[in-house]
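Open your viewer, keep the sequence panel beside it, and let's take a walk through this chain together. At each stop there is something to select and something to look for.

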Amino acid sequence: MPAEPAPVSIEVTPYGDGIALVTVVGELDVETAPELRNRLADQIRAGRRHLLLDLSEVPFMDSSGINALLKAHDEAGRAGGSVCLVSPAPMVRRVLDLTGVSLTIASLDGVEAALAHVGEGTSPH
């Protein structure tokens, strides 16, 4: 019997006004991307229009994951905010570069750099 794939883990930490750090652990694929898409949409609806997505522990992402990122980017932009990717794992960074997503969504190394990118402080709330 094949092993069940580990579910994706998504942790949200509010930062400052209108900012959420979303830490993702696990693969983003057709099975797990809908959960990420829903969690990001929930953050935007809650007034957190700047989303910092820590992808350092995402070893694999397929087109479903890319679509979740692009949808969040679009929704955050309509809310006057942004999406910033934090320290994508090497294989994910390669996918982002090959698909051109890295030209659309900012990608920075480290939470501090991402927070500076959106112009806010670094204290979690």
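In which loop does Ser 87 lie? Select Ser 87 and you will find it in the loop between β4 and α3. Here helices are DSSP runs of H or I with at least four residues, strands are runs of E with at least two, and both are numbered from the N terminus.

Before going on, a word about the model: it is predicted, so local features need pLDDT of at least 70 and side-chain atom pairs count only at pLDDT 80 or more, while totals for chains, interfaces and linings use all residues. Residues are numbered from 1 along each chain as its sequence is written, and side-chain values use heavy atoms, with hydrogens and water left out.

**Stop 1: Ser 87, a backbone worth checking**

Stay on Ser 87 and display its backbone. Its phi is near 45°, a positive value in a residue other than glycine. Most residues other than glycine have a negative phi. Ser 87 counts as partly exposed because its relative accessibility is 22%; buried means under 20% relative accessible area, exposed means over 50%, and partly exposed is in between, using a 1.4 Å probe and protein chains only.

**Stop 2: the whole chain**

Now zoom out and colour by secondary structure. Along the principal axes, the C-alpha atoms fill a box of roughly 50 × 25 × 25 Å.

Of the 125 residues, 40% are buried.

**Stop 3: the largest nonpolar core**

Next, select Leu 36, Leu 53, Leu 55 and Leu 69. These touch the most other members of the largest nonpolar core, which has 26 residues. Such a core is a set of buried Ala, Val, Leu, Ile, Met, Phe, Trp, Tyr and Cys residues joined through side-chain atoms within 4.5 Å. At least two core residues come from each of β2 (19-25), α1 (33-45), β3 (50-57), α2 (63-78), β4 (82-86) and α3 (90-99). Helix α2 gives the largest share, five residues.

Keep Leu 55 on screen and show what surrounds it. Leaving out residues up to four places away in sequence, its contacts include Val 24, Leu 28, Leu 69, Leu 85 and Val 92. Ser 87, from your first stop, is also one of them.

There is a second, separate core of nine residues; look for Ile 19, Leu 21, Leu 115 and Val 118 among them.

**Stop 4: Ala 114 in α5**

Select Ala 114, which lies in helix α5 (residues 111-118). Is Ala 114 buried or partly exposed? With a relative accessibility of 0%, Ala 114 counts as buried. Beyond its neighbours within four places in sequence, Ala 114 is in contact with Leu 52, Cys 84, Val 86 and Leu 108.

**Stop 5**

Pick Arg 37 in helix α1 and Lys 71 in helix α2. Arg 37 touches Ala 68 and Lys 71, not counting residues up to four places away in sequence. Arg 37 is partly exposed at 29% relative accessibility, and Lys 71 is partly exposed too, with a relative accessible area of 40%. For a distance check, draw a C-alpha to C-alpha line from Arg 37 to Asn 67: they are 30 residues apart in sequence and 8.6 Å apart in space.

While in α2, select Ser 64. Ser 64 counts as buried at 18% relative accessibility, and Ser 64 touches Asp 29, Val 30 and Ala 33, again not counting residues up to four places away in sequence.

**Last stop: Ala 79**

Finish in the loop between α2 and β4, where Ala 79 is found. Ala 79 counts as partly exposed at 38% relative accessibility. Not counting residues up to four places away in sequence, Ala 79 touches Ile 44 and Arg 49.

Conventions. Contact means heavy atoms within 4.5 Å.
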